[in-house]
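User: Could you walk me through this model, one question at a time? I'm new to this, so please spell out the terms as we go.

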Amino acid sequence: MPQQVEEKPRKRKKQEKKLEFEAGKVFTPGEVKEEDFELDLESAHFRAQKGEGGDRRA
Amino acid sequence: MKKMVQGTEHEYTLYCRKMGSMGFDPHTVALDLLRESDLHLAGEFITNGSRVYYDVGHFEVSTAETTNFHDVVVWEKAGEKVLDWLRRVMEDKYTDGATKIHAFKNNTSPDGTSYGSHENYCVSRDVPWPDRFIRDLVPHLSTRIIYTGAGDILRGKYVLSPMAFLTSRVISAETMHDTGILNTRDEPHADGHIWRRLHVIVGDALMNESAAMLRHFTTSAVLQLMEADALQDVPRLKDPVRDLWHNVEVRNPDEWRVELEDGTVVSPIDIQRYYLAKVEPLVEDAWEKRAFKLWEQVLEELEDKRSKDAARHVEWLDRWFAIQAATEGKDGPDTEMMACKQYSEIGTERSLFYKRQREGLVDRITDDETVKAAITTPPDDTRARLRRELCDTFNIEMIDWSVLVVNDGSRRRIDLPDPYATKLEATYATAG
């Protein structure tokens, strides 16, 4: 009879990742290029999609 | 203080002016990019143990399990930075930097819709529900807004806390309307015989690290006292929702009020000082001493109306000052609303909050290096570390907070019912 071979644990296959996290994009405290603080009307009027602002009684 | 597993969930809103005409939804594109990146771990989880997913028009980040009031702030900030990175990648990749993609960490949009920013605390199942929570916790949750409120403009009024403004019940199962100071949702993601997950939905999205730390320090300390039934003499509030509605619209501390069951009217500062005295004996290590001192200081600053000092760690005050500064000399009905929203942008180059942080006007409790490390590393004293280890070891067929199905030659289910466990009790059979 053929000897039963115990299956080895399957290690995680490392997947090739297309995108690498770049900390430098978000952690540059000394190099922040401040945009003009002219207020952006469009972004302030964004519409979110959840809830109805609650149901606060007057 | 003892360790208490806790975390936060934030629904971030992304906005792009050309979103419709460009034919993409930045929320889903950001998630696609995340899944293709080296921050992705398995399923909806990322390498730092947090869970990131799409939720009804939002990009939601649930932090990894942390065991204390300061780590939770670090991992929350790490989640914010992950989204900020994705936002910048999208700007470069899809618009050549020509179109701004905005990401907001707040709770309302000007059309009146609201969205969540929730805290979760792993509490002993032995604490009677809901009676003990109504008696001991509601007075805390309904008065802590004086220092945990993020500030917002709703229906033309400046309010201390948008989520408190939108609350209409003492207790409720709802999360989108008719919400309560206490929310009854109980998905423990752990052994439900031992733990309840207290889901706090009356809090706001906070940018300020000190304010977030204070919120978690005070609330986890109160919960620890509740587990010991040490708050039997807590002040009983006559009508907490009515007082919440009053206080949330009042910026002058002299006009804040809370009515007790016997008709006595006190200040929410008095209620907070009751808890302060109860928590003092729990304070042991340096972090606890720091947070306790800050709590004491904030109450004094509010009482003395030293608003510029308090604004360093009280977000509703700092947002108010930021709005005044940004709109000075600018007319128009929408300018204050615009500044209010722009305060909550997470992009450091546009955010009014981060501008103030760079100017040293608000206090931090951590630093960029610590947050950077937390983007790729789970907390080392919770189940998040174990999940990461299992994911690094096996092919994962299914993953959730407390269960994984791994493929180690055969399909195997591994339950993780203890959120504090960093090792499996029994060695998983074929791991080698």
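User: Is the crossing of H10(B) with H11(B) left-handed or right-handed?
Analyst: This is a predicted model, where local features need pLDDT of at least 70, side-chain atom pairs count only at pLDDT 80 or more, and totals for chains, interfaces and linings use all residues. Residues are numbered from 1 along each chain as its sequence is written, while chains are lettered from A and ligands numbered from 1 in the order in which they are written. A crossing is left-handed if the near helix is turned anticlockwise from the far one by less than a right angle, and right-handed if clockwise. For H10(B) passing H11(B), the crossing is left-handed.

User: How are H10(B) and H11(B) oriented to each other?
Analyst: Helices (H or I, at least four residues) and strands (E, at least two) are DSSP runs, numbered from the N terminus. Axes are lines fitted to C-alpha atoms, for helices over the stretch in contact, and angles run from 0 to 180 degrees between N-to-C directions; H10 (residues 268–279) and H11 (residues 286–303) of chain B pack at about 160°, with axes 11 Å apart. Under 35 degrees counts as roughly parallel, over 145 as roughly antiparallel, 65 to 115 as roughly perpendicular and the rest as oblique. So H10(B) and H11(B) are roughly antiparallel.

User: How many nonpolar residues are in the contact of H10(B) with H11(B)?
Analyst: Two residues are in contact if their C-beta atoms, placed from the backbone, lie within 7 Å. Residues including Ile269(B) and Leu276(B) in H10(B) meet residues including Phe292(B) and Trp295(B) in H11(B). Ala, Val, Leu, Ile, Met, Phe, Trp, Tyr, Cys and Pro count as nonpolar, Asp, Glu, Lys and Arg as charged, and the others, Gly among them, as polar. Besides 1 polar and 3 charged residues, the contact has 7 nonpolar.

User: How are H3(B) and H16(B) oriented to each other?
Analyst: The axes of H3 (residues 71–95) and H16 (residues 368–376) of chain B come within 8 Å and cross at roughly 75°. That's why H3(B) and H16(B) count as roughly perpendicular.

User: Is Ser161(B) buried or exposed?
Analyst: Ser161(B) sits in the loop between strand E9 (157–159) and helix H7 (162–165) of chain B. A residue is buried if 20 or more other C-beta atoms lie within 10 Å of its own, exposed if 12 or fewer, and partly exposed in between, with C-beta atoms placed from the backbone. Ser161(B) has 25 such neighbours, so it's buried.

User: Is Asp229(B) buried or exposed?
Analyst: Asp229(B) lies in the loop between helix H8 (209–227) and helix H9 (240–247) of chain B, and has a positive phi near 50° without being a glycine. With 12 other C-beta atoms within 10 Å, Asp229(B) is exposed.

User: And what about His189(B), buried or exposed?
Analyst: His189(B) also isn't a glycine, and has a positive phi of about 50°. The loop holding His189(B) runs between strand E11 (180–183) and strand E12 (195–200) of chain B. Its 21 C-beta neighbours inside 10 Å make His189(B) buried.
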